[in-house]
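Me: Could you take me through this structure, one feature at a time?

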Amino acid sequence: MKIIHISAECYPVAKVGGLADVVGALPIYQQKAGIISQVIMPLYNNRFQEENTFQTIYSSQLALGEATINFDIMVLQKNTLGFDIFFVDIPELLYKEYVYSPDDTERFLAFQIAVLDWMLTMKQPPDIVHCHDHHTALVPFMLQESYKYKALHGIPTILTIHNAQYQGWFSYDKLALIPNFDLKNIGLLDWNHIINPLAAGIKCAWRVTTVSPSYLEELKIKANGLESLLRHESAKCIGILNGIDTNVWNPETDTFIRKNYIQRTIVSGKKANKKWLCKEFNIDVEQPLLVFIGRLVEEKGAHLFSEIFDSALRNLHISILLLGSGNKPIEHNLEKLKEEYKGTYNAHIGYDEKLAHLMYAGADFLLMPSLVEPCGLNQLYALRYGTIPVVSNVGGLKDTVVDISNNGFGIVHRQTTVKEVYGAIGRASELYKDQKEFRAIRKSIMQLDHSWDASAKEYITLYHTLIS
Ligand code: ADP
């Protein structure tokens with residue numbers, strides 16, 4: 001069986017968030033489970049592109065409305081990723097130093113058309129096309145509806161929703177950009193009088209998956225306008241929990257961290273990493289260290305951070321270190337707090353893969369008070385590094401973290417309010433005082449198995465049901 005993942009991100013090529021981690025790991029585990037799993041993504045003007053060499057395997061032109069655009073399909077010269085990866089190079093549209101920008105309609109439409117045009121030329125097209133998020137969610141529509149792709153009509157499609165908040169909406173003046181189809185089926189593109197790629201993907205894909213079972217249930221109630229569609233299509237939807245790449249995220253071998261460790265050496269290992277972090281960021285090493293890593297957006301609860309941190313740093317014995325970027329006013333407020341809480345608080349505004357690893361390794365607790373969390377990978381990385389998660393009870397967090405009071409290993413609060421998150425941080429600070437209990441928990445969480453093995457097989461079972 002050969003399947004191809006179509007995605008805007010893939011670690012380590014280009015990463016904005018969890019989508020990259022999933023698309024960079026799932027194919028490795030699927031290959032291990034015995035199928036051919038490949039990835040196709042845009043070629044961006046980034047570090048990975050600078051540090052690698054590529055070979056063109058196909059060149060052509062595509063039609064984007066009236067425009068004719070040159071594109072190349074490329075492969076890596078020395079591929080050590082563990083799966084085949086193909087790149088669509090469209091110099092004037094995709095080849096930018098960023099992955100996303102505010103108006104990406106033309107960029108990702110051209111990408112999707114290039115992928116399908118290339119697929120038309122294949123002697124042996126994939127058995128399954130697996131799309132990820134709205135940037136690739138028009139593929140199931142085009143495969144099924146566009147005259148041009150008639151030869152590919154029978155290929156089963158899967159759409160995985162990593163985040164339903166973003167849907168890729170565009171107006172009907174851009175309809176002509178989509179390769180011709182029977183206009184009586186235009187309703188498949190529409191949701192609330194606008195073209196909605198994610199909605200079109202949900203309608204046309206043979207199966208829709210979400211990245212955790214709880215997120216699927218939540219989407220039927222709250223999905224940024226798509227609730228009724230998800231309820232209507234629920235028979236073909238399934239929640240499959242994300243896993244983690246246990247080779248990339250392994251405290252025993254992680255080359256980003258100061259000192260490697262295993263369960264047996266967790267105390268000295270975490271201590272050395274914490275010491276380095278605290279020195280680097282001028283934080284009191286004696287206090288319990290709580291970290292946040294992620295996008296500074298409302299979905300993650302970040303709009304409440306300055307108020308929560310202010311109360312926690314004032315009243316509790318705790319230190320906080322934050323790594324993230326996003327909403328500018330939120331960034332500004334978090335920067336401002338630094339002055340007031342020198343020695344117990346610091347923030348690095350930006351994106352830093354290495355620092356993220358060091359923080360998972362050096363922290364005592366990971367804070368994740370998300371309002372919405374489709375799966376969440378941070379809490380899984382934290383567990384693997386023996387860092388206790390302090391999380392809200394939503395989506396994938398609900399599926400992966402059990403509160404200590406229920407014989408579990410984390411601290412879970414019901415809602416994302418200042419009061420509840422503050423209360424959860426208070427519980428973390430109390431737990432830290434009981435060093436015996438604290439150490440026993442963090443040692444035990446390191447052995448929880450969240451690798452992709454089980455979930456990769458679940459996807460493969462799903463593929464088999466579609467092929468047969
Ligand atoms: P989302 O995809 O919603 O952003 P996830 O929890 O699924 O959230 O995945 C987040 C991934 O991005 C994790 O690998 C996390 O370590 C990483 N990450 C997020 N923000 C940063 C940052 N500022 N610097 C480094 N890594 C980050």
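Me: Which helices and strands each supply at least two residues of the shell around the ligand?

Reply: This is a predicted model, in which local features need pLDDT of at least 70 and side-chain atom pairs count only at pLDDT 80 or more, while totals for chains, interfaces and linings use all residues. Residues are numbered from 1 along each chain as its sequence is written, and side-chain values use heavy atoms, with hydrogens and water left out. Helices (H or I, at least four residues) and strands (E, at least two) are DSSP runs numbered from the N terminus. Here helix H1 (18–32), strands S10 (289–296) and S11 (319–326), and helices H11 (353–362) and H12 (378–384) each supply at least two shell residues.

Me: Which N or O atoms of the protein lie 2.6 Å and 2.9 Å from an oxygen atom of the ligand?

Reply: A polar contact is a pair of N or O atoms within 3.5 Å; within protein, one must be able to donate a hydrogen and the other to accept it, and residues adjacent in sequence count only if both atoms are side-chain atoms. The 2.6 Å distance belongs to the side chain of aspartate 21, and the 2.9 Å distance to that of lysine 300. A backbone N or O atom of glycine 350 lies 2.8 Å from a ligand nitrogen.

Me: In what order do the strands of the open sheet run?

Reply: Strands of a sheet pair through backbone hydrogen bonds, either parallel or antiparallel. Two strands count as paired if DSSP finds at least two bridges between them. The six strands follow the order S12-S11-S10-S13-S14-S15, with parallel pairing. Strands S12 (345–349) and S15 (411–413) stand at the edges with a single partner strand each, so one side of each has no neighbour in the sheet.
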